[in-house]
Amino acid sequence: MSIPNLTPIYLDNNATTRCAPEAVTAMLPYFTEQFGNPSSMHSFGAKVGHATKGARASLQKLLGAEFDSEIIYTAGGTEADNTAILSALKANPERKEIITSTVEHHAVLHLCEQLEKEGYTIHKLKVDGKGRLDLDEYAKLLTDKVAVVSVMWANNETGTYFPVEKMAEMAKAAGILFHTDAVQAVGKIPLNLKDSAIDMLSLSGHKLHGPKGIGALYLRRGARFRPLLRGGGQERGRRAGTENVPGIIGLGVAAELALEHMEQENTYVRALRDKLQAGILAAVPNAFATGDVDNRLPNTLNIAFEYVEGEAILMLLNKQGIAASSGSACTSGSLEPSHVMRAMGIPYTAAHGTIRFSLSRENTEAEIDRVIAAVPPIIAQLRKLSPYWGENGPVTDPEKAFAPTYA
């Protein structure tokens, strides 16, 4: 960083969060003193088994699940997503269709692309200019040919919520299993799975101030299921492999902290996010927030800056000690706009310049003030280099102008 005296500001929490110190402290003994295998019958294993049971109860409470046995630990959100979809297909071999959306995480989309090559029919629900789904289109697709619906709870780039509880009810009425990738939603908004029709839900520890390498799949009691991994009898025979005990303990503490800070997430963090949005948009012309801004995660802000490149913005922000993201971290490095921006019909002149700011409860108002001050001169500097930006704004010469049409 070129300004060494400035304290770094981290606004990329949808990519990963800092593991909470409380979680780290709780995990450490399970690498050394409490190293027993929880499946062992002796006292070393029993102590660890008791601790993992407590951690499972904490996660159950965060999810609002009815039974702790409805939680299956995985290595992360991707494994949970893959397990849910593949299990549904194996449990319903006569059904060869899947419903998902065009803006899912690649953990779902890439799996569906592979399944399509294997003969399955994939229905990808489209979104409108604000990233919203059409439930009428969805209803028409719910037939007895569909094995599973997999739709995310909240989009990782825009934060836009999907009506997954309503969609799960519709799927249930049609006899179809419903899965939601809730990696971004868990820990940020209150959940009550017990009173929903959701059959399966994926989450990841490092998205809610827990450790990396641990996640979970919620599986409603009674839902049809086939394991992805087979071997030992861990997780009641539903996910073979020795448990990642330190990760499970850390995720349990992260779940407790998330529940404790839920109100803060939806008041303090939301207020910081809104201040950041208002401050930037008031100072930067030809910029707008993408997604459904009235119906999104409290920590997420995605702004499209016209006529500039997102990668260049990120580099200049980083020089000032500010970390953000262009689209999802999983697609960084690509010169193409994210599939989410393209699905919403965001014009290329704006889609190339999208920046995601994702906050956490650890951010401060002073940090937000610094970002609001830093962004406008960066955009102005980059627009001086843009062939589509003149002294007074976008180029109007029809030979040179890039004329976007907003969805």
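Predicted model: local features only at pLDDT ≥ 70, side-chain atom pairs only at ≥ 80, totals over all residues.
Is Arg-236 buried or exposed? Arg-236 is exposed, because its relative accessible area is 65% and the cut-off for exposed is over 50%. I will come back to that residue.

Seven strands make up an open sheet, and their order is β2-β8-β7-β6-β5-β3-β4. The pairing in it is mixed. At the edges sit β2, residues 71–74, and β4, residues 121–125, and each of these pairs on one side only. From one strand to the next, the twist averages 20 degrees.

β5 covers residues 146–150 and β6 covers residues 177–181; the two pair in the parallel sense, over three bridges. Within that pairing, Val-149 has Phe-178 of β6 as its bridge partner. Helix α2, residues 43–63, packs on the sheet. This helix touches β2, β7 and β8, and its direction makes about 110 degrees with that of β2.

Now backbone angles, and back to Arg-236. Most residues other than glycine have a negative phi. Arg-236 is not a glycine, yet its phi is positive, at about 60 degrees. Arg-236 is placed in helix α7, residues 234–237. His-209 also has a positive phi, near 70 degrees, and is a residue other than glycine. His-209 belongs to the loop between β7 and β8. Its relative accessibility is 5%, so His-209 counts as buried.

On to charged pairs. How many salt bridges does a search of the whole structure find? The search finds ten. I will go through some of them.

Asp-12 and Arg-356 meet through their side chains, at 3.2 Å from N to O. This pair links distant parts of the chain, 344 residues apart: Asp-12 is in the loop between β1 and α1, and Arg-356 is in strand β12. Both residues are buried.

Lys-53 and Asp-68 form another salt bridge, at 3.5 Å from N to O. Lys-53 is in helix α2 and Asp-68 is in the loop between α2 and β2, so the pair ties together parts 15 residues apart in sequence.

Then there is Glu-94 with Arg-95, at 4.0 Å from N to O. Glu-94 is exposed, because its relative accessible area is 57%. Arg-95 has 13% relative accessibility, so this residue counts as buried. There is also a network of salt bridges, which links Lys-275, Glu-365 and Asp-369.

Last, Gln-277, which is placed in helix α9, residues 262–283. Why does Gln-277 count as buried? The reason is its relative accessible area of 16%, because buried means under 20%. Leaving aside neighbours within four places in sequence, Gln-277 is in contact with Ala-289, Arg-296 and Leu-301.

That is the end of my part.

Technical notes: Residues numbered from 1 in each chain as written. Heavy atoms only, no water. Pairing = 2+ DSSP bridges. Helix = DSSP H or I, 4+ residues; strand = E, 2+ residues; numbered from the N terminus. Axes fitted to C-alpha atoms, helices over the stretch in contact; angles between N-to-C directions. Contact = heavy atoms within 4.5 Å. Buried < 20%, exposed > 50% of the residue type's maximum accessible area, 1.4 Å probe, protein only.
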